[in-house]
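Work through the exercises below with the model open beside you. Try each task before reading its solution.

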Amino acid sequence: MGGYPEQSLKDVIAEQNPKAMLADGLDDCILGIGYRCGHDPLAVYDYDACVVMFMNRDGMTREDAIEWMEFNVVGAGGEGYPIFLRLRDDIETRKL
């Protein structure tokens with residue numbers, strides 16, 4: 001990430017918002033930091049990369065991984081909870 005060569009993205013997020021939460025085991029799915037007027041910065045994750053991580057790491061089917069994401073990850077919520085971003089289907093940024 002530009003401007004922070006000696007720090008990991010997790011460290012930068014923690015520095016900018018000590019209350020920001022991170023999703024356990026999903027470090028490779030962090031896209032960056034989300035900013036919004038009047039709110040503290042939050043970690044932003046690639047939703048689809050998280051699904052693929054559960055499929056590859058835990059042997060889940062795509063349907064099971066999506067269900068796990070919805071109920072156990074996205075559905076957890078709370079102050080400082082990360083944002084899980086799904087890109088539009090017609091915009092391809094990388095192959096999963």
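**Exercise 1. Find what asparagine 17 touches beyond its sequence neighbours, and describe its setting.**

Solution. Take contact as heavy atoms within 4.5 Å. Leave out residues up to four places away in sequence; asparagine 17 then touches Asp40, Pro41 and Leu42. This is a predicted model: local features need pLDDT of at least 70, side-chain atom pairs count only at pLDDT 80 or more, and totals for chains, interfaces and linings use all residues. Residues are numbered from 1 along each chain as its sequence is written, and side-chain values use heavy atoms, with hydrogens and water left out.

Asparagine 17 sits in the loop between α1 and β1. Helices (H or I, at least four residues) and strands (E, at least two) are DSSP runs, numbered from the N terminus. Asparagine 17 has a relative accessible area of 4%, so it is buried. The classes are buried under 20% relative accessible area, exposed over 50%, and partly exposed in between (1.4 Å probe, protein chains only).

Last, list its polar contacts. A polar contact is a pair of N or O atoms within 3.5 Å; within protein, one must be able to donate a hydrogen and the other to accept it, and residues adjacent in sequence count only if both atoms are side-chain atoms. The side chain of asparagine 17 reaches the backbone nitrogen of lysine 19 at 3.0 Å. A polar atom of that side chain also lies 2.8 Å from the backbone oxygen of proline 41.

**Exercise 2. State how β2 pairs with β1 and with β3.**

Solution. Start with the order of elements. From the N terminus on, they run α-β-β-α-α-β, which comes to three helices and three strands. Two strands pair if DSSP finds at least two bridges between them.

Take β1 (residues 30–36) first: it pairs with β2 in the antiparallel sense over five bridges. Glycine 32 has valine 44 of β2 as its bridge partner. The two strands form a hairpin with two residues between them. In the turn, glycine 38 has a positive phi of about 80°.

Now take β3 (residues 83–85). It pairs with β2 in the parallel sense over three bridges. Valine 44 stands opposite isoleucine 83 in β3.

β2 (residues 39–46) is mostly covered, with six of its eight residues buried.

**Exercise 3. Count the salt bridges, and say which parts of the chain they join.**

Solution. Apply the rule: a side-chain nitrogen of Lys or Arg within 4 Å of a carboxyl oxygen of Asp or Glu. The count comes to four salt bridges.

- Lysine 10 and aspartate 27: the closest N and O atoms are 2.9 Å apart. Lysine 10 lies in α1 (residues 9–16) and aspartate 27 in the loop between α1 and β1, so the pair ties together parts 17 residues apart in sequence. Lysine 10 is partly exposed at 33% relative accessibility, and aspartate 27 is partly exposed at 36%.
- Lysine 19 and glutamate 79: the closest N and O atoms are 3.7 Å apart. Lysine 19 is in the loop between α1 and β1, glutamate 79 in the loop between α3 (62–74) and β3, 60 residues apart. Both lysine 19 and glutamate 79 are exposed. Glutamate 79 also touches Met21.
- Arginine 57 and aspartate 58: their side chains meet at 3.0 Å, N to O. Aspartate 58 is partly exposed at 40% relative accessibility, and arginine 57 at 43%.

**Exercise 4. Check the length of α2, then describe its ends and its cover.**

Solution. The expected span of a helix is 1.5 Å times one less than its number of residues. For the twelve residues of α2 (residues 47–58), this gives 16 Å; the end C-alpha atoms are 16 Å apart, which agrees.

Look at the N-terminal end. Aspartate 46 caps it: a side-chain oxygen lies 3.0 Å from the backbone nitrogen of aspartate 48. Just after α2, glycine 59 takes a positive phi of about 70°.

Then sort by accessibility. Buried residues of α2 include Tyr47, Ala49, Val51 and Phe54. Their cover includes β2, α3 and β3.
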